[in-house]
Amino acid sequence: MSLTTTILNSITVDAAEGRAIPDAATRENIGYAPVHTVDDLERMITTARAAQPAWNALGHHQRSSILNRIADDLESNAEELAHLLSREQGKPLDGPNARFEVGACAVWTRNAADTPLEPEIVFEAGDARAEVHYDALGVVGAIGPWNWPMMITVWQIAPALRMGNTVIVKPSSFTPLSVLALVEVFNRHLPDGVLTVVSGDRKVGAALAAHPSIDKIMFTGSTDAGRRIVESSARNLARLTLELGGNDAGIVLPGTNVAAIAENLFWGCFINTGQTCAALKRLYVHESVYEDVVSALSQLADTMPMGRGIDAGNVLGPLQNKNQFDIVSRLVDDARQRGARIVSGGSPAADLGPLFYRATVVADIDDDAQLVEEEQFGPVIPVIRYVEIEDAIRRANASEQGLGASVWSDDAEAAVDVAKRLQAGTVWINQHGALNPMVPFGGTKQSGYGQEFGVAGLKAVAAPKVISR
């Protein structure tokens, strides 16, 4: 029996009024998402604008108390939320997947509630004093992706609510039910109009980004979509936080104990079946340990259980949608045609379902291959050989994107030296993609701008006001 019944019944609409949403693994219908229009969006924004002053007037202490109660409720409903997420998005319950994501929602909500943000004294001399205070912006538009739909939505909405803003959420059309369920739990504790979901198409998303009553847009998604958000927002000069695509590079230094890093390396590449913006997408390995790394990754890829997410024990799932499945297939086929060595995987796992693709390790591949130049966003890692570290750094930095990067070594000092030279918003050492709610996160180059999490994340959804006397 499915555990998604209660919350799903509260958010799904009649078939005649909604759009069918499939199970990512089986393609069976889960439920029906509302189909909102630009007219619906207009009404929601009007309501959010009207609700904002009273919400802001509650003050930080009351808003934080409400957010902490929401975090409690997320934990109480965690299993039900995880089952719905697993079915709709495809990520398994087990491993660093659906249960992990729902747990992170509670953690990040509490962090937004409890992080202090005091006025900052920036100048003081005699009787002269200047302080920076942070006020609510007004109405925030939060446009989220399909890969971590609940967690990334919380990254956007929890800080915005804490700072006294009201929020309109636009989920991906691939995963609206997960976000509707998340907001259903939030709205058990929030006043009417403070948090609203608009479940619509790209036209609705563009209207949200361009609307003159929206003060801030938070967007996580592809670089191309981010460009369209920038163009739309030019009409209202809304503030922007953009977390866009990444083609993260990792560098394994010579002399590294491969056995000690193998599992972290694997999950840096394959977390959420590779469907993560800040996953490791290109791995540069020194020739002295190259075959050892290829072998270790291959052994893990061949043995990690893959299957339907709600079946116990699976830790890898399907691609979430057909478009992404086709991209992964195209990139691997191109690598094969170029003569790259397919060490593991390299083909669909059709016996598991229509959108499953085997965990794939590709060796002996060049930088000009599409699999290296493009973001695969799936369960495939190209492993690229290098001889000189200067060459590896140059090749790692050659990408137009710069979300994350990592260095792998037994020599901490050498790893830090290389990390300082990599062009990325975050550089991890002996791990990749690990996030902390207190540590700022954001990209460089075409991976976007602005930071989330902790104090930086609160400031990003607030208007600084300088009071001088």
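## Helices α8 and α9

Helix α8 (residues 202-210) packs against helix α9 (residues 223-233) at an angle of about 50°, and their axes lie 7 Å apart. Helices here are DSSP runs of H or I with at least four residues, strands are E runs of at least two, and both are numbered from the N terminus. An axis is a line fitted to C-alpha atoms, for helices over the stretch in contact; angles run from 0 to 180 degrees between N-to-C directions. α8 and α9 are therefore oblique to each other. The cut-offs are these: under 35 degrees is roughly parallel, over 145 roughly antiparallel, 65 to 115 roughly perpendicular, and the rest oblique.

This is a predicted model, in which local features need pLDDT of at least 70, side-chain atom pairs count only at pLDDT 80 or more, and totals for chains, interfaces and linings use all residues. Residues are numbered from 1 along each chain as its sequence is written, and side-chain values use heavy atoms, with hydrogens and water left out.

## Who touches whom

α8 passes α9 in a right-handed crossing. Right-handed means that the near helix is turned clockwise from the far one by less than a right angle; left-handed means anticlockwise. From α8, the contact uses R202, A206, A209 and A210; from α9, it uses R228, I229, S232 and S233. Contact means heavy atoms within 4.5 Å. By class, this contact has four nonpolar, two polar and two charged residues. Nonpolar covers Ala, Val, Leu, Ile, Met, Phe, Trp, Tyr, Cys and Pro; charged covers Asp, Glu, Lys and Arg; the others, Gly among them, are polar.

Which residues of α9 are buried? They are T223, A225, G226, I229, S232 and S233. Buried means under 20% relative accessible area, exposed means over 50%, and partly exposed is in between (1.4 Å probe, protein chains only). The cover over these buried α9 residues includes β5, α8, β8 (216-220), β9 (239-243) and β15 (401-402).

## Helices α4 and α7

The axes of α4 (residues 78-89) and α7 (residues 176-186) come within 8 Å and cross at roughly 165°. α4 and α7 are therefore roughly antiparallel to each other. α4 passes α7 in a left-handed crossing. L81, L84, L85 and E88 of α4 meet P176, L177, S178, A181, L182 and V185 of α7. The contact has eight nonpolar, one polar and one charged residues.

## Strands β5 and β6

Strand β5 (residues 139-143) runs parallel to β6, and five bridges join them. Strands pair if DSSP finds at least two bridges between them. V139 stands opposite T166 in β6.

β6 (residues 166-170) is mostly covered, with five of its five residues buried. In a regular strand the side chains alternate between the two faces of the sheet. In β6, T166, I168 and K170 point one way, while V167 and V169 point the other way.

## A three-stranded sheet

An open sheet has three strands in the order β3-β4-β20, with antiparallel pairing. β3 (120-125) and β20 (462-468) stand at the edges with a single partner strand each, so one side of each has no neighbour in the sheet. The twist averages 20° from one strand to the next.

Five bridges join β3 to β4 (residues 128-136). F123 stands opposite A130 in β4.

## Residue R69

R69 is found in helix α3 (residues 59-76). Is R69 buried or partly exposed? R69 is partly exposed, with a relative accessible area of 42%. R69 and T109 are 40 residues apart in sequence, and 9.6 Å apart in space, C-alpha to C-alpha.
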